[in-house]
Structures are given as C-alpha cells and as structure tokens.
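Biologist: I would like to learn how to read a model like this one. Please take one feature at a time, with the general idea before the case.

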Amino acid sequence: MSNTLSDELYMRRALELAQKGRYTARPNPKVGCVLVRENTIVGEGWHERAGAPHAEINALHQAGISANGSTAYVTLEPCAHHGKTPPCCDALINAGINRVVIASEDPYPQVNGKGVERLRKAGINVEIGLLRKEAEELNCGFLSKIRRGRPWVRAKIGMSLDGRAVSDDGRPNWIISTRSREDVHQWRLSSCAILTGIGTVLADDPQLTAHVPNDKNLTPIRIILDSHLRIPLEAKVLDQTASTLIVHRPNAKEVTLPSHINRLSINTCDNRINLKMLLEELGNRGLNDLFVEAGPTLTSSLLEKGLIDELLVYTTPRLLGDQAQPMITANIYPRFPEASPTLKLIENIQIDTDVRLRFRPII
C-alpha cells in the first residue's frame, strides 16, 4: 500500500460524508465516497437510505466528466451485484476511474471481494485498508449482522454517583439531565430497534420513540420482552407512532393485541426468553443495531450471557441511596469474581451536568 498524507485526508472526508447517513441508511451500511483529480475534489457522495443511489453514484453524478482519470476514496468496498441499484463497480469502471482506495472490505456475501476483483480486472489500481478501524467502527452494526448473524447490542444506563439506576419513584428516565435525554434520542434514532422489558413498560409506560420530525419511517422498531403477555392494552408502546414487536414464550396466554402489533414466540432458557436465540432472529430480520433501554434485570441478563457489545452509561451528580435500585441486580459471576467482565472506556463526554461514558468488554 502506498498511501500518502493526502490519501488519508481524502479518506477522512469520505468517512465524514458516510456519517451523514447515520440516521437514514439502515439497514444498509453507511458509506461515503470522494473523487479526487489532480489534487482537487471533483465529486462527493454518501448513501442516504436503502433503495437510493449509493455513495459512489452520488459522487460520480456530482463530478460528471471530471471523474475520468480520478481517484475514488470509498469507505466500504463497492458493490458488484444488482440489488435495488446497479453495481457501483461498473459505474466506477465506466466513468474512467483509474485508482480506488477502499477503507474496508464488505463481508456481505454478494460483495465480499467481488467488487475488488472486478475493479482490478478492469485495470484499476485498488488499495485496501486505509483507516480500516474507523470505517469498521462506523458500521459496527452492519458488520455484526453479517459476520455474527446478530445485531450490535448497545445498552443505555442512567446512573447516580452511588451506582443506582432507578430512583425510588420508579422513573429511571428522570435521573439524568434533559440534555442527556436528548442525546439518548439521537442514539435511539441511529439504531434499527429499541429493546426493553415488560417491567419497564409496567413501571414507566415509555413511548420508546425517537424525535424524528416529519418522517415516521425513520423511527426504530420497538421490541418488548413480555414472556407472559402482561402488557396493558393502553400502554404507549402499543400506539401507532412506530412499529412494535412483542416477544413472548411459546406457551404464553392468549391475548388479543391491536392488529398493527407484531408478535414473536421465542423458546425459553432457564425459564426465561432465550436472549441469544432472540438476537439471532433479529439478525435474520436484518437488524443491524439494537439499543437496549431497560431496567437492571434485563440489562443484567444480557451482561451475564455476554450479549452486550457496548455500555452507554450516563452518570448524573446525584445520590439516590440504598432504597433505589442498583445499576446491576445480578451477581454476574458469583463463584468467580475475578472472571467478571473487564470493560474498556472508549469515550468520556460531559453533557450538561452529566458525564456520558462508553464502555466495551475486553475480549
């Protein structure tokens, strides 16, 4: 690989463009493309939403005839198959691109090296791996779905300084600041689905929607774990502001839910819904990212089974005392405390009076 400083600058610009699809590209990956000719950017593009033109096509349209002889910087391997849009490889070849710099390969089976192969067969110089880590971070959900068959699981926790997640009035949302709650809505909006348990529905009656002006189609799916179908028919999550999926055990009682509500029966494990099986099913349904906004019990269960990929912890400068619920209710490793999961801090940001911490398990 013969990447230069200017190559890195152009790829960083492509990553910035890809980020513009954070809320809209799902379930497709977020992709950006920059076309450069004689050290001048002649075209830029990103993938906005499924079914719309890909990043490369948008950049080519902007560049016009100036694309001929240029270098394309793309954050993900160009597609080589006919989906809802034609192959981007063919468009790059036909436009006369003479060099393509790719941050990360696309593991999707219909691409997975085929894009690179087609470009090289056309005589185009292809280089792979520039800013790979940043590109894969941008699409951790998409890559999780393809490589592991399940969505990337990000769990949100609002926590007091003394490690309590739910105040004694039973309203977990209100222990963090208004600005932190607004930040939570941005994470909701960037996810394919929001998961909670029936306990949170019964205690807090959340709507579990994101602030999306004028576009209901961008609202994430709401997923409610309700083993015995105890959900009240007047619960806010049963309204029609977003799609809702109720997950229950096979032998749950018969309940007539509104016709717009979807149901999913999942087998149990240790008398609880099999969470691993649930995630696999959600992956089969094409979900990239799952945002867990639940009480300590469900969050603890996911942690215990090693199914949380990232913790998003909002710490607020309050003390709630021992009458409030703790952040984690289960002793995850009761017999081997030294084997408890080690978390790596990857981000630390102050939001108003709160601090938002992002952790990932060290594997």
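Modeller: Begin with burial: a residue is buried under 20% relative accessible area, exposed over 50%, and partly exposed in between (1.4 Å probe, protein chains only). Arg-154, at 7% relative accessibility, counts as buried. The model is predicted, so local features need pLDDT of at least 70 and side-chain atom pairs pLDDT 80 or more, while totals for chains, interfaces and linings use all residues. Residues are numbered from 1 along each chain as its sequence is written, and side-chain values use heavy atoms, leaving out hydrogens and water.

Biologist: Which residues are buried in helix α4?

Modeller: First the names: helices (H or I, at least four residues) and strands (E, at least two) are DSSP runs, numbered from the N terminus. Helix α4 covers residues 114-121, and its buried residues are Gly-115, Val-116 and Leu-119. These residues cover an arc of only 100° around the axis, which puts them on the same side of α4; the arc is that of the directions from the helix axis to the C-beta atoms.

Biologist: What do the buried residues of α4 pack against?

Modeller: They pack against α3 (88-94), β4 (99-102) and β5 (125-128), where contact means heavy atoms within 4.5 Å. After α4 comes Gly-123, with a positive phi near 85°.

Biologist: How is an aromatic pair described?

Modeller: By the distance of the ring centres and the angle of the planes. Rings of Phe, Tyr and Trp (its six-membered ring) pair if their centres lie within 6.5 Å; planes under 30 degrees apart count as stacked, over 60 as edge-to-face, and the rest as tilted. By this rule the count is one aromatic pair. Tyr-10 and Tyr-73 form it, 5.3 Å centre to centre with 45° between the planes, and it is tilted. Tyr-10 belongs to helix α1 (residues 5-19) and Tyr-73 to strand β3 (residues 71-74), so the pair links distant parts of the chain, 63 residues apart. Both Tyr-10 and Tyr-73 are buried.

Biologist: Which residue lies over the face of Trp-46?

Modeller: A charge sits over a ring if NZ of Lys or CZ of Arg is within 6 Å of the ring centre and within 35 degrees of the ring normal. Lys-20 lies over Trp-46, at 5.1 Å from the ring centre. Arg-22 lies over the face of Trp-187, at 5.0 Å from the ring centre.

Biologist: How many salt bridges does the structure hold?

Modeller: Side chains of opposite charge can pair when their charged atoms come close. A salt bridge is a side-chain nitrogen of Lys or Arg within 4 Å of a carboxyl oxygen of Asp or Glu, and the structure holds 26 of them. In one of these, the side chains of Glu-105 and Arg-132 meet at 2.4 Å, N to O. Glu-105 lies in the loop between β4 and α4 and Arg-132 in helix α5 (residues 132-138), so the pair ties together parts that are 27 residues apart in sequence. Glu-105 is partly exposed, with a relative accessible area of 30%, and Arg-132 is partly exposed at 30% relative accessibility.

Biologist: Is Asp-309 buried or exposed?

Modeller: Asp-309 counts as buried at 10% relative accessibility. Its salt-bridge partner is Arg-148, with the closest N and O atoms 2.9 Å apart. Arg-148 is in helix α6 (residues 140-148) and Asp-309 in the loop between α10 (296-304) and β15 (310-316), 161 residues apart. Arg-148 is partly exposed, at 40% relative accessible area.

Biologist: Which residue meets Arg-154 in a salt bridge?

Modeller: The partner is Glu-310, at 2.7 Å, N to O. Arg-154 lies in strand β6 (residues 152-160) and Glu-310 in strand β15, 156 residues apart. Glu-310 is buried, at 0% relative accessibility. Arg-154 and Glu-310 also belong to a network of salt bridges whose members include Glu-137, Asp-183, Glu-347 and Arg-356.

Biologist: How many bridges join β15 to β18?

Modeller: Two strands pair if DSSP finds at least two bridges between them. Five bridges join β15 to β18, and these strands run antiparallel; Leu-312 has Arg-358 in β18 as its bridge partner. Strand β17 (residues 343-351) is joined to β18 by eight bridges, also antiparallel. Ile-349 stands opposite Arg-356 in β18, and Leu-343 opposite Pro-361. β17 and β18 form a hairpin with two residues between them, and Asp-352 in the turn has a positive phi of about 55°. Six of the eight residues of β18 (residues 354-361) are buried, so the strand is largely enclosed by the rest of the structure.
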